[in-house]
Amino acid sequence: MEKIKWLLKEGERWLRPEKRGAGLMMFYKSARVEYRPVGVMGAIVPWNYPFHNVFNPLLANVFAGNALVVKVSEHASWSSKYYGRAIKACLAAVGAPTDLVQIVHGYAEAGGAVVTGGCDKVVFVGSTGVGRAVMRAAAETLTPVVLELGGKDPFIVLQDADLSQCVPMALRGAFQSCGQNCAGAERFYVHAKKYDEFVKRVVAAASKCRQGWALAPNVDCGAMCMPNQAAYVQSLVDDAVAKGATAAVGGAMDADAAGQARPISHWSPYDRVGVVNADP
């Protein structure tokens with residue numbers, strides 16, 4: 001709702017034509033910038049926030065006068081059908097063409113069709129590797145591309161940090177949505193003078209973190225969505241521990257709960273282990 005409120009309040013103002021100075025050499029002319037619809041936008045979005053990842057490009061593009069083709073993750077196909085019906089109903093309610101927004105399902109070939117099939121501009125949200133492939137394919141037709149790619153978001157704790165504020169932020173950054181968050185904190189660099197106390201507080205809090213079914217009572221953290229992803233994270237943990245890191249909390253998945261990865265805190269002086277550099 002906040003995004004809708006912002007667009008309704010600010011959108012028209014930012015899309016109005018803007019005057020520009022023509023300069024001394026062109027004093028007899030006037031200059032302005034006009035914002036015009038791109039046409040058909042393509043968006044390839046991930047699975048981690050199924051509603052938001054469709055809703056986000058939809059709002060801005062329809063407001064700006066564009067049509068939109070959204071290729072959802074194959075892991076979010078079921079829920080996207082519900083959103084598609086809701087979108088069509090909203091478009092019909094305001095007298096707009098109900099096919100102005102299209103949702104596409106499929107695997108890599110469906111994403112490739114969005115990139116190479118004639119969209120005037122493409123937005124991709126996902127891994128760095130697939131982002132490179134999207135850019136290569138779009139380059140063939142000089143289709144403009146916007147990439148929001150994965151990374152290893154650093155959380156830096158400085159010498160003057162207030163740990164009573166910093167530690168809860170760090171825990172949320174690491175454990176929100178069981179780490180499956182676009183801007184989740186994945187590596188922590190702590191000033192030497194704050195290190196011991198920071199570790200002490202984080203370990204104490206993580207030890208009390210309750211993991212289980214997200215809709216159950218008294219649960220702080222749900223599961224990772226895909227078992228293969230949880231297994232990959234476990235391999236990074238194992239690699240780090242084998243190279244000298246310490247798993248201060250947990251360290252292994254719960255064998256009795258598929259997809260459950262117990263909260264883990266790593267304290268390692270090593271920058272060369274996979275858990276520091278790999279994008280899970």
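## A buried asparagine

The side chains of Asn 48 and Asn 53 are joined by a polar contact of 3.1 Å. This comes from a predicted model. Asn 48 sits in the loop between strand S3 (40-44) and helix H2 (50-63).

Asn 48 has a relative accessible area of 18%. Buried means under 20%, so Asn 48 counts as buried. A polar atom of its side chain lies 3.4 Å from the backbone oxygen of Gln 180. Beyond its neighbours within four places in sequence, Asn 48 is in contact with Asn 53, Gln 180, Asn 181 and Cys 182.

## The largest nonpolar core

Nonpolar side chains tend to be buried together in soluble globular proteins. Here, the largest nonpolar core has 17 residues. Phe 155, Val 157, Leu 163, Cys 166, Val 167 and Phe 198 have the most contacts inside this core. H6 gives the most, with 6 residues.

Take Leu 163, one of the residues with the most contacts inside the core. Its neighbours within four places in sequence are left aside here. Leu 163 is then in contact with Val 157, Pro 168, Lys 194, Glu 197, Phe 198 and Arg 201.

## A second core

There is also a second, separate core. This second core has 11 residues. Among them are Leu 58, Leu 68, Val 70 and Val 101.

Definitions and conventions:
Residues numbered from 1 in each chain as written. Predicted model: local features only at pLDDT ≥ 70, side-chain atom pairs only at ≥ 80, totals over all residues. Heavy atoms only, no water. Core = buried A, V, L, I, M, F, W, Y, C linked by side-chain atoms within 4.5 Å. Buried < 20%, exposed > 50% of the residue type's maximum accessible area, 1.4 Å probe, protein only. Helix = DSSP H or I, 4+ residues; strand = E, 2+ residues; numbered from the N terminus. Contact = heavy atoms within 4.5 Å. Polar contact = N/O pair within 3.5 Å; in protein donor to acceptor, adjacent residues only side chain to side chain.
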